[in-house]
Amino acid sequence: MKITFFTLITAAVLCTAACTNAIQSKLGNTELATSNNETVEPNLDGAGKKEATAAEILNKKEVPVLCYHQIRDWKVSDSKRAHDDIMPPAKFAEHMKMLADSGYHTILPDQLHDYLNYGTALPEKPIMITFDDTDLDQYTVGAKELKKNGFRGVFFIMTVSIGRPRYMNKAQIKELSDDGHVIASHTWNHKNFAQFTDEDWEVQIDKPSRTLEAITGKKVEYFAYPYGVFKASGLAKLKEHGIKAAFILSTKRDESYPMYTIRRIIDPGTYTARNLYNSINKSFK
Ligand SMILES: [Zn+2]
């Protein structure tokens, strides 16, 4: 008789002490049934695959994730602080080339999720490149430079801005998706997740996902918190709303929900390629 892992777990949970011995004999004394009749229940996903615990995820080597905003030349009117989020195109090109020359391979959120959750192998020197806020230059400059280096990226779209001047339109977002980049959610209008009301789950999460799914024809399963800010009490709910993993900035991951607090670092417009290289190695352990 073929006994699946899932059957055994179910049986072990339902079983009284009287049948523990029978299960143990079928298992051949594995770690599933302990000497004092307690069972260790793994997390199983919808398909019955074992999912990693929070502790296991936190113990894995972190994959570097970079975050970009605007990719354009600096203007006199820009504040010094704004230069963190404004990457001149020539510099962006140089940084992408440095990553390629250093042997980095870009991965996408499904790969990162499966690595963290199931231990699925990743290419050598994996890195993820992400863009927030829907800026048009991410399409005109960002995607072009990614392509030159054989990279793919993730675009976290704030849906209110789609089609506005200086932002991407539907056709451009669809083209990125068709080219193998991932389109993900960054809320409707950049509302701080920590301030979500009950209605915001529909306005800021469900509706933007539907909007993006209608554009790309693909599921939206990843989310980036505006300002990188989250509240722990909202993390469990993201899963109920179809989100498989979510991204913060360089602050500490949540100990119970590391899949919903994946760290990213900003590559500031003030950095040299060497600064970026060092920052990647320092920030992701
Ligand atoms: Zn943002």
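Modeller: The chain holds 10 helices and 10 strands; these are DSSP runs, helices being H or I of at least four residues and strands E of at least two, numbered from the N terminus. The model is predicted, so local features need pLDDT of at least 70 and side-chain atom pairs count only at pLDDT 80 or more, while totals for chains, interfaces and linings use all residues. Residue numbers start from 1 along each chain as its sequence is written.

Confidence (pLDDT, the predictor's confidence in each residue, from 0 to 100) averages 88 over the chain, and 85% of the residues score at least 70. Over residues 1-38 the pLDDT is below 50, and this stretch has 29 contacts in the model beyond near neighbours in sequence. Two residues are in contact if their C-beta atoms, placed from the backbone, lie within 7 Å. Among contacts in the chain with a separation of 6 or more, 60% are between residues 24 or more positions apart.

Of the 285 residues, 32% count as buried. Buried means 20 or more other C-beta atoms within 10 Å of the residue's own, exposed means 12 or fewer, and partly exposed lies in between, with C-beta atoms placed from the backbone. A nonpolar core is a set of buried Ala, Val, Leu, Ile, Met, Phe, Trp, Tyr and Cys residues joined through C-beta atoms within 7 Å. The largest one here has 52 residues, and those with the most contacts inside it are Phe155, Ile183, Ala184, Tyr222 and Ala246. In soluble globular proteins, nonpolar side chains tend to be buried together. Ala184 touches Pro109, Val154, Phe155, Phe156, Val220, Tyr222, Phe223 and Ala224, leaving aside residues up to four places away in sequence.

Two loop residues have a positive phi without being glycine. Asp133, with phi near 90°, sits in the loop between strand S5 (126-132) and helix H6 (136-148). Asp133 counts as buried because 20 other C-beta atoms lie within 10 Å. For His190 the phi is about 70°, and the residue lies in the loop between strand S7 (182-185) and H8. His190 is partly exposed because the count within 10 Å is 15 other C-beta atoms.

Helix H8 (residues 200-216) contains Glu202. With 13 other C-beta atoms within 10 Å, Glu202 is partly exposed. Glu202 and His241 are 39 residues apart in sequence, and their C-alpha atoms are 9.1 Å apart in space.
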